[in-house]
Amino acid sequence: MFQHLPREIDFFGVLLPGVLPVFLLSAVLQLVLDAVLSYVGAYRLGWHPALVRLCMFVCIFSALLVTLYQ
């Protein structure tokens, strides 16, 4: 599907990394998942909620990258 993603994206003369759309999509997904988990109260089970949020973002970003760049 996205086998030929560009290494850089030209945005009005500024070169941005090619994984920027994947990063932004994973940030949006993480915000939605964070809101759901906060509403349910799942962060009370974790030792450090900020670390749980960071690990969730890394997992989502890595899963999207592995899926798109196979």
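Guide: The structure holds 3 aromatic pairs, where rings of Phe, Tyr and Trp (its six-membered ring) pair if their centres lie within 6.5 Å, and where planes under 30 degrees apart count as stacked, over 60 as edge-to-face and the rest as tilted. One of them joins Phe23 and Phe57 edge-to-face, at 5.2 Å centre to centre and with 80° between the planes. Phe23 belongs to helix H1 and Phe57 to helix H2, so this pair ties together parts that are 34 residues apart in sequence; helices here are DSSP runs (H or I, at least four residues), numbered from the N terminus.

This is a predicted model, in which local features need pLDDT of at least 70, side-chain atom pairs count only at pLDDT 80 or more, and totals for chains, interfaces and linings use all residues. Residues are numbered from 1 along each chain as its sequence is written, and side-chain values use heavy atoms, with hydrogens and water left out.

The axes of H1 (residues 20-40) and H2 (residues 49-68) come within 9 Å and cross at roughly 140°, the axes being lines fitted to C-alpha atoms over the stretch in contact, with angles from 0 to 180 degrees between N-to-C directions. H1 and H2 are therefore oblique to each other, since angles under 35 degrees count as roughly parallel, over 145 as roughly antiparallel, 65 to 115 as roughly perpendicular and the rest as oblique. To the contact (heavy atoms within 4.5 Å), H1 contributes residues including Phe23, Leu29 and Leu33, and H2 residues including Phe57, Ile60 and Leu64.

Conventions:
Helices (H or I, at least four residues) and strands (E, at least two) are DSSP runs, numbered from the N terminus.
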